[in-house]
Amino acid sequence: MLSTPDRIYGDAMRNGYALGAFNVNSIESILAVLDASQAMEAPLIMQVSMGARGYVKHLSAFVETIKRFASEYPRAAIFIQHDHCPTVDDCRIAIDAGVQAVMFDGSHLDYEENIRQTRMIADYAHKRGIWVEAELGQIAGFEDMTFAESTVFTDPGTVNDFVARSGCDALAVAVGTSHGGVRGDDYLPLDAERLSAIIKNIPDTPVVLHGGASLPPELIDACNAEGAEVEYLRNCSEDSIRKAVRLGVKKVNMDVDNFLVFTTAVRKYMNEHPDKYDPRKYLTEGRKAYQKEVEHKLSDVMCSRGFSQGIIEGAK
C-alpha cells in the first residue's frame, strides 16, 4: 500500500532499520519490488530516475501506474520518490507529476548555490506536502546520465548548517560508495568514522547513501557465463552497507545488483530455450530474479523485514 515519507522514515528512525530505495522503469520492475516488499513485509522506496522518465515517456501516467499497483499490496508499505533531479525545474515537474518525494542533486554546485537551489525546491515542495532529499558532497561514477570523475567526501562540520539553511528533509552524503562501481581490485572502503560524525551532527535528519549496490563478483561471473561482457567494477561491500545501517543510515539506493540478476536470468532462459520468443517467458524469469535480489537486500542488508505492519496499522 502507498504510505508517506514522514510515516515510513519515522518508523525507520524509531526502529533502527534502513529503507532500500529501488529504481523502477517497467511493469516487471514494479512487480518485482512490490512482490519483494510484500513477501518480506518490509517498507521501501520506489524511485523513478531521469533515464526512466525518458524511457516511459509519460511521467505522470507512470507514477499513477505505480500507485495503482501499490494499492493491490496490503502488506507492503512504500512511497514514491524521483531520484537525482539535476535542476529546480526537473524537481517541479516531478512534484507536479505526483511523486511524494524528490531528490535534488546539487552536488555539482558550490556550497552556497547548492543551499540556494535546494531551498527553492524545498519551498515549492513543502507547500504541497512533498519531501526533499538533497546531496552534499559528490559520489564518483555514473548516475543515470550524469558522470562524476571523483568523490568529494562530505564534511561532517557542514551538514547541520546545510540542512538548516536548505530546508531539506533527508541528506545524501559521500563517504566511500560510488555510482555504478569504479575500477579497482577490491571492495571500496567505507569511511565509517566520517559517517558516524555526520549522523551525530544531524540526528533528526535521515542520512542517505547512494551507490549502495555492492557488485559482488559472483553476480558479474554469472552474467558473463551467459554470454555477457560486463566489466568487473567494484563498490562498497554488503558488509560495509550493513555496518552503515547499524550506524544509523536510513536510506540506501541499490540498483545495479538487481539489474545484473535480471539480465542474467533473461540471458539464461534465452540460451536454454532458443526456440522461444514470447517476451512474457523470459521477462518472468528476469522479474523473479529481480524480486529475489530485492528480498535479499531488504532482509539481510537493510534489516527492514517485518516492519511494514506497524506502518500500516499506524495509518488506520
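Here is a chat about the strands, helices and salt bridges of a predicted model.

Me: Hi! Is this structure predicted or experimental, and which strands close into a barrel?
Reply: Hi! The model is predicted. In this model, 8 strands close into a barrel, in the order β1-β2-β3-β4-β5-β8-β9-β10.

Me: Is the pairing parallel or antiparallel?
Reply: The pairing in the barrel is parallel. On average, neighbouring strands of this sheet are turned by 25° against each other, ignoring direction.

Me: Let's go through a few neighbours. How many bridges join β3 to β4?
Reply: There are 3 bridges between β3 and β4, and these strands run parallel. As an example, histidine 82 has valine 102 in β4 as its bridge partner.

Me: And what is the bridge partner of valine 102 in β5?
Reply: That would be valine 132. β4 and β5 run parallel and are joined by 3 bridges.

Me: What about β5 and β8, how many bridges there?
Reply: Strand β5 (residues 131-136) and strand β8 (residues 170-173) are joined by 4 bridges and run parallel. If you look at alanine 134, you will find leucine 171 of β8 opposite.

Me: Which way do the residues of β5 point?
Reply: Trp131, Glu133 and Glu135 point one way, while Val132, Ala134 and Leu136 point the other way. Both sets are buried, so β5 is mostly covered, with 6 of its 6 residues buried.

Me: And β4, which residues point which way?
Reply: Strand β4 (residues 101-104) has Ala101 and Met103 on one side and Val102 and Phe104 on the other, and all are buried.

Me: Switching to helices. Which strands does α2 lie across?
Reply: Helix α2 (residues 27-40) lies across β1 (19-23), β2 (44-48) and β3 (78-85). Relative to β2, helix α2 runs at about 170°.

Me: What about α4, where does that one lie?
Reply: Helix α4 (residues 59-70) lies across β2 and β3, and runs at about 150° to β3.

Me: I also see α11 and α12 together. How do their axes cross?
Reply: The axes of helix α11 (residues 256-272) and helix α12 (residues 279-301) come within 8 Å and cross at roughly 150°. The crossing of α11 past α12 is right-handed. On the α11 side, the contact includes Phe259, Phe262 and Tyr269, and on the α12 side it includes Leu283, Tyr290 and Val294.

Me: How do the contact residues divide into nonpolar, polar and charged?
Reply: For α11 with α12, they divide into 12 nonpolar, 2 polar and 6 charged.

Me: How many salt bridges does a search of the whole structure find?
Reply: The search finds 20. One of them is between arginine 116 and glutamate 113, where the closest N and O atoms are 2.7 Å apart. These two are 3 residues apart in helix α6 (residues 111-126), so about one helical turn separates them.

Me: Are arginine 116 and glutamate 113 buried, exposed or partly exposed?
Reply: Arginine 116 is partly exposed at 44% relative accessibility, and glutamate 113 is partly exposed at 23%.

Me: Got another salt bridge, say what aspartate 191 meets?
Reply: Aspartate 191 and arginine 194 meet in a salt bridge at 3.2 Å, N to O. Aspartate 191 is partly exposed, with a relative accessible area of 25%, and arginine 194 is partly exposed at 25%.

Me: Last one: where is isoleucine 198, and what does it touch?
Reply: Isoleucine 198 is in helix α8 (residues 192-201), and counts as buried at 0% relative accessibility. Leaving out residues up to four places away in sequence, isoleucine 198 touches Thr154, Pro156, Val159, Val173, Val175 and Val207. Asparagine 160 is 38 residues from isoleucine 198 in sequence, and their C-alpha atoms are 8.6 Å apart in space.

Technical notes. Residues numbered from 1 in each chain as written. Predicted model: local features only at pLDDT ≥ 70, side-chain atom pairs only at ≥ 80, totals over all residues. Heavy atoms only, no water. Axes fitted to C-alpha atoms, helices over the stretch in contact; angles between N-to-C directions. Left-handed = near helix turned anticlockwise from the far one by under 90°. Contact = heavy atoms within 4.5 Å. Nonpolar A, V, L, I, M, F, W, Y, C, P; charged D, E, K, R; others polar. Salt bridge = Lys/Arg side-chain N within 4 Å of Asp/Glu carboxyl O. Buried < 20%, exposed > 50% of the residue type's maximum accessible area, 1.4 Å probe, protein only. Pairing = 2+ DSSP bridges.
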